[in-house]
Amino acid sequence: QVQLVESGGGLVQPGGSLRLSCAASGSIFSPNVMGWYRQAPGNQRELVARITSGGTTDYADSVKGRFTISRDNAKNTVYLQMNSLKPEDTAVYYCHLLSARSYWGQGTQVTVSS
């Protein structure tokens with residue numbers, strides 16, 4: 001069984017930064033894709049960024065130039081560095097792993113507010 005454990009969410013002022021981490025454990029097959037999605041109240045879950053085990057990245061237009069996704073394959077960990085945060089970035093952020101199956105983390109709250 002695969003488990004995803006997220007950390008790093010919290011409250012930050014507009015213009016601030018946060019770094020999310022997600023550690024995967026269990027039977028993880030390669031190649032795979034790890035990524036971050038987010039869901040704000042009343043909205044659908046949407047892709048924020050994803051990265052393949054080979055390092056290819058993909059970002060939502062709304063976060064390009066502000067967020068950076070990276071991963072450590074040896075640790076099965078994916079990171080999301082979020083800079084220049086805006087109130088509209090407020091959401092629950094979910095880690096996702098796509099390998100033989102699709103797996104989700106429990107979510108971590110990010111709140112951007114003054």
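Of the 114 residues in the protein chain, 41% count as buried, where buried means under 20% relative accessible area, exposed means over 50%, and partly exposed covers what lies in between (1.4 Å probe, protein chains only). The model is a predicted one, so local features need pLDDT of at least 70 and side-chain atom pairs count only at pLDDT 80 or more, while totals for chains, interfaces and linings use all residues. Residues are numbered from 1 along each chain as its sequence is written, and side-chain values use heavy atoms, with hydrogens and water left out.

What about overall size? A compact globule of 114 residues would have a radius of gyration near 13 Å, and the protein chain agrees because its own value is 13 Å. That radius is taken over C-alpha atoms, and the globule rule is 2.2 Å times the number of residues to the power 0.38. Along its principal axes, the C-alpha trace spans about 40 × 25 × 20 Å. The chain exposes about 6,000 Å², with carbon and sulfur atoms supplying 47% of it; accessible areas come from the Shrake-Rupley method with a 1.4 Å probe, and for residues only the protein chains shown count as cover.

On to the secondary structure: the protein chain has 0 helices and 11 strands. Both kinds of element are DSSP runs numbered from the N terminus, with helices being H or I over at least four residues and strands being E over at least two. Two strands pair if DSSP finds at least two bridges between them. Four of the strands make an open sheet, written as 4 strands in the order 1-3-8-7 with antiparallel pairing. Its edges are strand 1 (3-7) and strand 7 (67-72), each of which pairs on one side only. Within this sheet, neighbouring strands are turned by 15 degrees against each other on average, direction ignored; the axes are lines fitted to C-alpha atoms, for helices over the stretch in contact, and angles run from 0 to 180 degrees between N-to-C directions. Inside the sheet, strand 3 (residues 18-25) and strand 8 (residues 77-82) run antiparallel and are joined by 6 bridges, with Cys22 having Val78 as its bridge partner in strand 8.

Two hairpins follow one another. Strand 4 (residues 33-39) pairs with strand 5 (residues 46-52) in the antiparallel sense over 6 bridges, and Tyr37 has Leu47 as its bridge partner in strand 5. There are 6 residues between these strands, and Gly42 in this hairpin takes a positive phi near 80 degrees. Strand 5 also pairs with strand 6 (residues 57-59), again antiparallel, over 3 bridges. In that hairpin, which has 4 residues between the strands, Gly55 takes a positive phi near 100 degrees.

The largest nonpolar core holds 28 residues, and Trp36, Leu80, Met82 and Tyr93 touch the most other members. Such a core is a set of buried Ala, Val, Leu, Ile, Met, Phe, Trp, Tyr and Cys residues joined through side-chain atoms within 4.5 Å. Leaving aside neighbours within four places in sequence, Met82 is in contact with residues including Leu18, Leu20, Phe67, Tyr93 and Val110, where contact means heavy atoms within 4.5 Å.

Finally, there is Arg71, which sits in strand 7. Arg71 is buried, with a relative accessible area of 16%. Not counting residues up to four places away in sequence, Arg71 touches several residues, among them Asn32, Met34, Ile51 and Tyr79. The C-alpha atoms of Arg71 and Ile51 are separated by 7.6 Å, although the two residues are 20 apart along the chain.
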